[in-house]
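I wanted to begin with the terms and then go on to the residues.

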Amino acid sequence: MVELLTAYLDDALDQPARQRMDEHLTCCAECGRHLDQFRAVVGVLGTLPEERLRDDVHDRLISAFRARRRR
């Protein structure tokens, strides 16, 4: 459900899936609460200042991701 709610908030669902989610949210209070919580988190996180990684940290992360992908 978390993936569906995230996709719903990101407007990444196709129209039939979005419609089913809209219908479900009208009758499921628990999912509605989860959606409200996600929206609140997105709202708070969206106001945080963007931080930039130091170049050496960025390079180490990229190297680790590439090494993992090769495996």
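I first noted that contact means heavy atoms within 4.5 Å, and that helices (H or I, at least four residues) are DSSP runs numbered from the N terminus. This is a predicted model, in which local features need pLDDT of at least 70 and side-chain atom pairs count only at pLDDT 80 or more, while totals for chains, interfaces and linings use all residues. Residues are numbered from 1 along each chain as its sequence is written, and side-chain values use heavy atoms, with hydrogens and water left out.

Entry 1, the faces of α1. I looked up which residues of α1 are buried (under 20% relative accessible area, with exposed being over 50%, for a 1.4 Å probe and protein chains only), and found Leu5, Ala7 and Tyr8. Seen down the axis of α1, these fall within an arc of 165° (taken from the directions from the helix axis to the C-beta atoms), so they line one face of the helix. On the other side of α1, Val2 and Glu3 are exposed. The cover over the buried residues includes α2 and α3.

I read an angle of about 110° between them, with their axes 11 Å apart; the axes are lines fitted to C-alpha atoms over the stretch in contact, and angles run from 0 to 180 degrees between N-to-C directions. Leu4, Leu5 and Tyr8 of α1 meet Arg18, Met21, Asp22 and Leu25 of α2.

Definitions and conventions
Helices (H or I, at least four residues) and strands (E, at least two) are DSSP runs, numbered from the N terminus.
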